[in-house]
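Take a walk through this model. Keep the sequence beside the coordinates as you read.

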Amino acid sequence: MRIHVANNYDVGRRRLLQAFGLTAAAGPLAMAKADPVLGASLGYDESKGVDPTAYRAPTGLALSSSAKTTALAWLDANKAEVIRLADDIWQYAELSLREWKSSLATAALLRKYGFTVQWGVGGLPAAFVATYGSGGPVLGFNAEYDALPGLSQQRGASSHDPLVYNYDAYGPTYGAGHGDAHNLLGAGSTAAAIAVSQAIRAGGLKATVKVFGTTGEEQLVGKPYLVKAGVYDGLDAFLDWHPFNNSLAFWNTTSALSSATFTFLGAAGHGANPLGNKSGLDAALLMATMTEYLREKNVAASGRFHYAVINGGGAPNVTPDMCSIWYFVREGSPARVQVLYDKIVECAKAAAQASQTKLAHKFHSATWNTLGNKAGAELLNENMQQLGAPVFSAADQELAKALQRSVGKPEAGLPTGLVPLTPPAPAFGGGISTDTADVSWRTPVVTALVTTFPTGLPNHNWTVTSTAGSSIGHQGMLSAARYLAATAVDLIQQPERLAGLQQEFADRTAGVQWASLIPDNQQPPVYEPPADFLAATGLHWPPPSIRWPVPEVVAAEQLGTTGPNLAPVT
């Protein structure tokens, strides 16, 4: 008897088709019809005959040139300045939508090298567009600079040691930290753009470079609103990278996402005499419990949702009359996100009814899944192969192993090579989201992941904060800048390569009409900038597109009944 053992591609494709509600006999056309967005992301490669089991990355795409030499030479000569910017942003550790010092520092370096800066694009004060050159292809670079709450950590420390520890006798907290290494992301992309501008100037090239300073990426706010506002219009290609625990080019997709807060308003009272009180915290916990029961029967393998309680009360003896719970909902495409999101909203309504509280539901942001670009990934990959993997010292490897040991992971250290370019997995198992996704449906996006923290460690962890301020992060960042700069020069000097990216983009999007997931007239989450930021940027607050102050959310519910009114006992 012969037993057929399916390879990983067969199994993965079968799971993908099941997610589409299709049989194993279905082809890419059926995939695209079932969900055009996921079809453009995952079905496209199969429709073009890309076989993950037999794929080999092409060569002969990335060419040597004096312009590329100029760009790389600038990076080598000015790496201390780039590292200083990354370290300054690491030290600022500013949360999403409040990156006042970080955005100013990034823009200042760009201005120094001849970029003009437009502040407050799309109504977001810490967002900017910096431009160099004119004519020719217009290439965009992605600069992000926001930190994450609770991930403060000493620079280069191998055990958990928060740089900012906020003492409280009842509940201490940690300060913010760059646990996703956006200090490196922003500085590396900025350096790549400046390097390309130097090549344009020295070689008299016709090209335009734009750096998009993006606020609020960690909350998936910045780019969805900016793309909707047309800030990214007119680009021929967009170059991006992200810190990671390995180095590779890729054209995979990511999860689409919706973000919303559910605030429950009740009536406060003494915790020792709770009858008649209406607890916002009770409602939030009820909602969390009900959504947990969705997981088995209502959430596909590609789906995710997770939440955080924002304000659950200040003391046990005060029933909190207001509590907010913040949800991220992820799936493989906008349509699939909406199905899961609607179920979560119903849980919120039921929780409010059961707890006798009032629900205030506030949508914040949403983004599509990423549209990959094979031609762009192949060009980037060859530049990465030519330039080589980040080089780490013995001390870097020692720190990496100590960090791995500290969190219970194998002491494998840092990778010393590049991951070979491979097609996306045939099944989408869900995972991270990025607001660059919305950009990817407006112009071809080229993306690298580059080693800035040790193998086996996750993003959004204190260990990443540690390496983001160390030599490990610096070396990865400088390599990323080289990869992006070299690829950009090829796109400028080889029009046929850029045309290949654009043709693939047109083919992939032929059956999909992109539409922003941000409702019309939706105001983004915003904070009022400090006076010194407004003075430095020349902005006025509020901008015309922002309604300020934002209406207050105040509990005005009556206390509940405890039973029928009874005659007093005499």
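This is a predicted model: local features need pLDDT of at least 70, side-chain atom pairs count only at pLDDT 80 or more; totals for chains, interfaces and linings use all residues.

Residues are numbered from 1 along each chain as its sequence is written, and side-chain values use heavy atoms, with hydrogens and water left out.

Start with helix 3, residues 36–47. Helices (H or I, at least four residues) and strands (E, at least two) are DSSP runs, numbered from the N terminus. Helix 3 spans only 13 Å between its end C-alpha atoms, while a straight helix of twelve residues would span 16 Å at 1.5 Å a residue. The expected span is 1.5 Å times one less than the number of residues. Helix 3 is also mostly covered, with nine of its twelve residues buried. Buried means under 20% relative accessible area, exposed over 50%, and partly exposed in between (1.4 Å probe, protein chains only). Among the buried residues are Val-37, Leu-38, Tyr-44 and Asp-45. After helix 3 comes Gly-49, with a positive phi near 80°.

A salt bridge is a side-chain nitrogen of Lys or Arg within 4 Å of a carboxyl oxygen of Asp or Glu. The whole structure holds 15 salt bridges.

Which residue does Arg-155 meet in a salt bridge? Its partner is Asp-87, at 3.3 Å, N to O. This pair links distant parts of the chain: Arg-155 is in the loop between strand 3 (138–144) and strand 4, Asp-87 is in helix 5 (residues 79–92), and they are 68 residues apart. Arg-155 is partly exposed, at a relative accessible area of 35%.

A second pair is Asp-435 and Lys-223, at 2.7 Å, N to O. Asp-435 lies in the loop between helix 13 (394–406) and helix 14 (436–440) and Lys-223 in helix 8 (residues 222–228), so the pair ties together parts 212 residues apart in sequence. Asp-435 and Lys-223 are both buried.

Lys-374 and Glu-378 form a local bridge at 3.0 Å, N to O. Both sit in helix 12 (residues 374–387), four residues apart, about one turn of the helix. Glu-378 counts as buried because its relative accessibility is 9%.

On a 1 Å grid over the protein atoms alone, a cavity is a set of points where a 1.4 Å probe fits but cannot get out; a pocket is an open set with protein on both sides within 12 Å along at least five of seven lines; lining residues have an atom within 4 Å of a point. The second largest pocket holds about 920 Å³. Of its 26 lining residues, the closest to its centre are Thr-261, Lys-362, His-364, Val-550 and Val-553. Strand 12 gives the most to this lining, with four residues.

There are two cavities of 30 Å³ or more.

Finish at the surface. Tyr-165, Tyr-167 and Tyr-174 form a nonpolar patch there. Tyr-167 is in the loop between strand 4 (165–166) and strand 5 (173–174). Tyr-167 is exposed, because its relative accessible area is 66%. Patches are made of residues with over 30% relative accessible area and no salt bridge: like charges are joined within 9 Å, nonpolar side chains (Val, Leu, Ile, Met, Phe, Trp, Tyr) within 5 Å.

Key. Accessible areas come from the Shrake-Rupley method with a 1.4 Å probe; for residues, only the protein chains shown count as cover. Grid points are joined across faces, edges and corners, and a volume is the space filled by probe spheres set on the points.
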